[in-house]
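Please look over the model below with its fold in mind. The briefing that follows takes the sheet, then the helices, then the chain as a whole.

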Amino acid sequence: MQERPKKVLTCVNRRFHSGEPSCATRGSLAIAEAIEEGVRERRIDIVAERYVCFGQCTKGPTVKLVPGDFILGTTLDMVDGILDQLEAACGTKAEEDAGPPVHLLGS
Ligand code: FES
């Protein structure tokens, strides 16, 4: 049985030279925001972070479970399904363990 993921990382690397692929030029910032918001709202027991390049640039946007697999060619339409899988694998935190409300983050 595979160990449950402790982190979900979304590549937000952006390259500015045309012809060089990168996840951010394919919409990964919106994907990272949707995953982070979904993890917070559902209180999924996993850490969601951004990352800069997994070396899967031609196959991105790239999401990586740690430990776990790459999710390649990620689209916004896939985020709900990814969150469903994470919730099933990781469970949810009790409300008292959920951390500060979203509006307090970064304040
Ligand atoms: S730019 Fe995202 S994996 Fe390299």
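The 4 strands form an open sheet in the order β2-β1-β3-β4, with mixed pairing, where two strands count as paired if DSSP finds at least two bridges between them. Because β2 (47-51) and β4 stand at the edges with a single partner strand each, one side of each is left without a neighbour in the sheet. This is a predicted model, in which local features need pLDDT of at least 70 and side-chain atom pairs count only at pLDDT 80 or more, while totals for chains, interfaces and linings use all residues. Residues are numbered from 1 along each chain as its sequence is written.

**Strand pairing**
- Strands β1 and β2 run parallel and are joined by 5 bridges, and the bridge partner of Lys-7 in β2 is Val-47.
- Strand β1 (residues 7-11) runs antiparallel to β3 (residues 63-66), with 4 bridges between them, and in β3 the bridge partner of Lys-7 is Val-66.
- Strand β3 is also joined, by 2 bridges, to β4 (residues 70-71), and these two run antiparallel; here Lys-64 stands opposite Phe-70 in β4.
- β3 and β4 form a hairpin with 3 residues between them, and Gly-68 in the turn has a positive phi of about 150 degrees.

**Helix α2**
- Helix α2 (residues 79-90) has 12 residues and reaches 16 Å from its first C-alpha to its last, close to the 16 Å expected at 1.5 Å a residue, the expected span being 1.5 Å times one less than the number of residues.
- The buried residues of α2 are Val-79, Ile-82, Leu-83 and Leu-86, a residue being buried if 20 or more other C-beta atoms, placed from the backbone, lie within 10 Å of its own, exposed if 12 or fewer do, and partly exposed in between.
- The face of α2 turned away from its buried side carries the exposed residues Asp-80, Gly-81 and Ala-88.
- The buried residues of α2 pack against β1, α1 (28-42), β3 and β4, with contact meaning that the C-beta atoms of two residues, placed from the backbone, lie within 7 Å.
- Gly-91, which follows α2, has a positive phi near 75 degrees.

**Chain as a whole**
- Read along the sequence, the protein chain follows the pattern β-α-β-β-β-α, its helices (H or I, at least four residues) and strands (E, at least two) being DSSP runs numbered from the N terminus.
- Buried residues make up 26% of the 107 residues in the protein chain.
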